[in-house]
Amino acid sequence: MSVLPDPGASRAVIIGTSRYDHLEQLPAVSNNLTALAELLSGPLSLRMPTSHVTVVENPPDPATVMNPLRQAAAEATDTLIVYYAGHGLIDPHDALTLAMPHTQPDRIETSLNYDWLRQILLNSRAQRHVVLLDCCYSGLALGRMSASQGLADHAAVEGTFLLAASAETRTALAPIGDTHTAFTGALLETLRNGIPGGPPVLDLETVYHHLRLTLEARGHPVPQARNRNSGARVALVRNHADLFAAGPVPAGTNSEPAHRLWPDPTSISTVTGFFTCLAGVREVSGLTQQEVSRRSDGRLSVGTISKLVNRDTLPATWRTTAAYLSACGVPDDQVQKWHSTWQELRRDAATQETGTRWPGEDTAAPGKARHRLSAFWRGRGH
């Protein structure tokens, strides 16, 4: 089952080098970083808080990259996303290195060794990792690799879905005059526009296969992917091409069409994730705020709906949220799951603030939402 990460418990580090002293310039990389960061924070994707998305552009030294990576790895408990765009090189020991502005191809100490980044991922608190590499090789580096090896083989990490551009030439990586590099441009198009006829949620494996077809049709090198421990089921977006294919939920019903995929409240572990998924409910329903208000039988005004999905603290009572979910057409059994998640998040908040338990709460209740999420993924091969 494909699952969108909880944005409140996830982090992203977007890294790129567009300016070089000794290698070909890649001006499109700068556009890549801005567009991807905006997408991850925006309504078309995970709606990650902007403070959870760190952009590192033209890092002067490895520490400029490693420090934010360490911080993100320490903070992420759901998903850690790492993206790099720029020149990728293979050192004399067949290790992948990521080029920085002052990198000299014959001096390995001037680039960032990928193994350093790999070690941070291995030690991360995050349950899942997504690594996106938009790198190119020099001809010499390609010559040193065996025919069966590629960028993804060098970069794979356990517990990670790795998606890498297989750019064999510099012009294939960054066509002259294009806003984005070839690989990232196609990735952004897919995440923004969706895949007609695809699943409701675009997991990374689906995105990968679509990118292969798209880039091959354009005459660009096709990407590579490596999946460790079911990371391919992680998704970054809903399928916007078919988001409203099911049509609005019929008025006066709580029946779920077979192909409608509601946000899953059991995957929520933070308040940020709660409200992000709550906003996603209306998107999946295909209803406007005005229509949700009408279907609530006067219980919700448009202003109340807007305030509800844009809160940053949990409501003290459940009534308004329940009315919103029901008006959107969420089935009753799922409304109950939402109620359970709301209760658990409130328990967690109360425990963190006071250090005491709610009356009648057992000792296992604090943090239950997070433990439940771990169990959810273990049950699917993790």
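The model is predicted, so local features need pLDDT of at least 70 and side-chain atom pairs count only at pLDDT 80 or more, while totals for chains, interfaces and linings use all residues. Residues are numbered from 1 along each chain as its sequence is written, and side-chain values use heavy atoms, leaving out hydrogens and water.

**Overall make-up**

The protein has 14 helices and ten strands; helices (H or I, at least four residues) and strands (E, at least two) are DSSP runs numbered from the N terminus. Of its 382 residues, 54% are buried. Here buried means under 20% relative accessible area, exposed means over 50%, and partly exposed lies in between, with a 1.4 Å probe and protein chains only. Contact means heavy atoms within 4.5 Å. Among contacts with a separation of 6 or more, 75% join residues 24 or more positions apart.

**The cores**

In soluble globular proteins, nonpolar side chains tend to be buried together. A nonpolar core is a set of buried Ala, Val, Leu, Ile, Met, Phe, Trp, Tyr and Cys residues joined through side-chain atoms within 4.5 Å. The largest one has 70 residues, and L69, Y114, L133 and L163 have the most contacts inside it. Beyond its neighbours within four places in sequence, L69 touches V13, I15, V82, L117 and I120. Another core, of 28 residues, lies apart from the largest one and includes L278, I305, V309 and L345.

The axes of α2 (residues 62–75) and α3 (residues 114–122), lines fitted to C-alpha atoms over the stretch in contact, come within 10 Å and cross at roughly 15 degrees.

H220 and A165 are 55 residues apart in sequence, yet their C-alpha atoms are 9.7 Å apart in space. Which residues does N239 contact, leaving aside neighbours within four places in sequence? They are G194, I195, G198, P199, P200, V201 and L202.

Key:
Axes are lines fitted to C-alpha atoms, for helices over the stretch in contact, and angles run from 0 to 180 degrees between N-to-C directions.
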